[in-house]
Amino acid sequence: MVEYRFTLARIVRAGPITTHAVLDEWAHGQITIPVPTLALSQITGLTQQELTGAVFEVMANTAAATDTNVDPHGWCPLPRRDGKEPTAVRPRSGVAL
């Protein structure tokens, strides 16, 4: 089953090769998905150090059975109020957090 939706992606670890993110709408945010660090840095303009703790809105297959089928794309960094939390409304979907 394929069900693409907007969801929040939170970066929990950004290594030199692989970054690990959790998606709020997939696996209840309990399982990380791997994302190539270099590609994510190029897409978002953030350095490896800036990625850890960053919050993004992404389009992803939230019905995926495995992490390889989640297919997150359209990484949009969310502005932060206090340096830690995203703003109250998602910019593209308009859904309140």
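**Close-up views of a predicted model**

**View 1. A hairpin links β1 and β2.** The two strands are joined through 3 residues. The model is predicted. Strand β1 spans residues 4-14 and β2 residues 18-23; they run antiparallel, with 5 bridges between them. Ala 9 faces Leu 23 of β2 across this pairing.

**View 2. Strand β1 also pairs with β4.** Here β4 covers residues 55-61 and runs antiparallel to β1, with 7 bridges joining the two. Arg 5 stands opposite Ala 60 of β4.

**View 3. The largest nonpolar core has 17 residues.** Ile 11, Leu 23, Ile 33, Phe 56, Val 58, Val 70 and Trp 75 touch the most other members. At least two core residues come from each of β1, β2, β3 (33-36) and β4.

**View 4. Surroundings of Phe 56.** Neighbours within four places in sequence are set aside. Phe 56 then contacts Thr 7, Leu 8, Ala 9 and Ile 11, among others.

View 5. Within α1 (residues 37-44), the buried residues are Thr 37, Leu 40, Ser 41 and Thr 44. They lie on the same side of the helix because their arc around the axis is only 100°. Residues three or four places apart in an α-helix point the same way, since there are 3.6 residues a turn. Leu 38, Gln 42 and Ile 43 are exposed, on the face turned away from the buried side. The buried residues of α1 pack against β1, β2, β3, α2 (48-51), β4 and β5 (73-77).

Technical notes: Residues numbered from 1 in each chain as written. Predicted model: local features only at pLDDT ≥ 70, side-chain atom pairs only at ≥ 80, totals over all residues. Heavy atoms only, no water. Pairing = 2+ DSSP bridges. Helix = DSSP H or I, 4+ residues; strand = E, 2+ residues; numbered from the N terminus. Core = buried A, V, L, I, M, F, W, Y, C linked by side-chain atoms within 4.5 Å. Buried < 20%, exposed > 50% of the residue type's maximum accessible area, 1.4 Å probe, protein only. Contact = heavy atoms within 4.5 Å. Arc of directions from axis to C-beta.
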